[in-house]
Amino acid sequence: MPRDSFIAQKLREAGVIILGKANLSQWANFRSNNSSNGWSAHGGQVLGAYIRNQDPSGSSSGSGVSASLGLAVACLGTETDGSIISPSMRNNLAGIKPSVGLTSRDLVIPISEHQDTIGPMARTVKDAAYLLQIIAGRDPNDNYTSAIPNGDLPDYVAACDENALRGMRIGVPDNVLELIEPFFEDARPELDAYFDALSVLEEAGAELVRNANFTAVEQWIDSEAESAVLEADFISNLAAYLAQLTENPNNIKSLADVRNFTQGFEAEEYPSRDTGTWDDALDVQRFNNTDPRFFPQLQEQLFLGGDGGVLGALETFELDAVVLPSGLSSPFAAGIGSPVVTVPLGFHPANAPVVMNRRGNLVDTGPNVP
């Protein structure tokens, strides 16, 4: 590209020293059904720092490990659904996934205009807030940022006040926990840490509202709307991004072109690492986000996260926020573009069993993993 992105420009103007780009899960984990977090054909495999061969989570894997090790005071990640929250969780970081439209996606390789956002990852909430203060704001190259009311931003750093939770109403969606709890069998310490955190919130002055339930959670579990929206957006949004390239030696103009290249280039490790996500978009779904079939999927997604999910709970129970384990938080927020903050909650015990990732090459959870 012949210019800096809007975010890079804002960082430079603020005097931030940009150290470089970190490796990530290839295509932000939107390519394969059998790859591993933190692997890309360009950068190889990222490893977490807390146990040998640790899965760093993703897709912002390198950012998570870099900030965790102190190689940088903070890093940026992008999130479509979990790609800031999950690596922050696995690398003992505070991560902020901003509302979609608070930070510009200018020159970010996209997945979905409806869900993509850029946010900070750092060892403390305050460091993350400093970075968010710099990067947030309106950008004429991303019309979603025009929704920022009057273009004004709150003071995120000043909001880092130890008394800030006093009087806040925080909802606990118990029906979500009841439905999802069986899936935590291999990660029980994470659920235990969550329940311990509830008492910390109360000690900080928050009022916990139990059974602040998501009314459409069962429908959400069975829904395929998010996948349909992401795949349709990706077909359209990737083509728009590729059209901005000033050099394109392989004449890559579409997702179909990217798939053909990937399947024929040795470094991509195809078919050991497949193109299953793209195959679904191109061969099964076969429509982009201008197709009439797209709108009902988007409306279903907005309902499941909105009236039937987070927004419905906030309104019905007059809440300031809802609290969930980090691994459950991102999917409910993703479809409506709402923000999520994750904070460190300790570590798996020293005698925790080792659980491998889906590919069998990295440790997903184990002794002393965040």
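Val176 touches Phe214, Val217, Leu324, Leu328 and Phe332, leaving out residues up to four places away in sequence; contact here means heavy atoms within 4.5 Å. This is a predicted model, in which local features need pLDDT of at least 70 and side-chain atom pairs count only at pLDDT 80 or more, while totals for chains, interfaces and linings use all residues. Residues are numbered from 1 along each chain as its sequence is written, and side-chain values use heavy atoms, with hydrogens and water left out.

Val176 and Phe214 touch the most other members of the largest nonpolar core, which has 24 residues. A nonpolar core is a set of buried Ala, Val, Leu, Ile, Met, Phe, Trp, Tyr and Cys residues joined through side-chain atoms within 4.5 Å. Buried means under 20% relative accessible area, exposed over 50%, and partly exposed in between (1.4 Å probe, protein chains only). At least two residues of this core come from each of strand E6 (169–172), helix H5 (174–180), helix H6 (188–203), strand E7 (207–210), helix H12 (310–316) and helix H13 (326–334). Helices (H or I, at least four residues) and strands (E, at least two) are DSSP runs, numbered from the N terminus. H6 gives the largest share, four residues. A second, separate core has 17 residues, including Ala74, Ile118, Leu131 and Ile135.

## The parallel sheet

E7, E6 and E8 form an open sheet of three strands in the order E7-E6-E8, with parallel pairing. Two strands pair if DSSP finds at least two bridges between them. The edge strands, E7 and strand E8 (321–322), each pair on one side only. E6 and E7 are joined by four bridges, and Val172 stands opposite Arg210 in E7. H6 packs on this sheet, where H6 touches E6 and E7, and the direction of H6 makes about 135° with that of E7. Such axes are lines fitted to C-alpha atoms, for helices over the stretch in contact, and angles run from 0 to 180 degrees between N-to-C directions.

## The antiparallel sheet

Four strands form another open sheet in the order E3-E5-E4-E9, paired antiparallel. Strand E3 (74–79) and strand E9 (340–342) are the edge strands, each pairing on one side only. Strand E4 (residues 94–97) and strand E5 (residues 117–122) are joined by two bridges; Ala94 has Ala122 in E5 as its bridge partner. Helix H4 (residues 125–135) packs on the sheet and touches E3, E4 and E5, its direction making about 150° with that of E5.

## Aromatic pairs and charges over rings

The structure holds eight aromatic pairs. Rings of Phe, Tyr and Trp (its six-membered ring) pair if their centres lie within 6.5 Å; planes under 30 degrees apart count as stacked, over 60 as edge-to-face and the rest as tilted. Phe30 and Phe234 make an edge-to-face pair, 5.2 Å centre to centre with 80° between the planes. Phe30 is in the loop between helix H1 (6–13) and strand E1 (39–40), and Phe234 is in helix H8 (residues 225–242), 204 residues apart. Both Phe30 and Phe234 are buried. Ring pairs link Trp27, Phe30, Phe234 and Trp278 into a cluster.

The charged end of Arg105 sits over the ring of Tyr144, 4.6 Å from the ring centre. Arg273 lies over the face of Trp39, 4.1 Å from the ring centre. A charge sits over a ring if NZ of Lys or CZ of Arg is within 6 Å of the ring centre and within 35 degrees of the ring normal.
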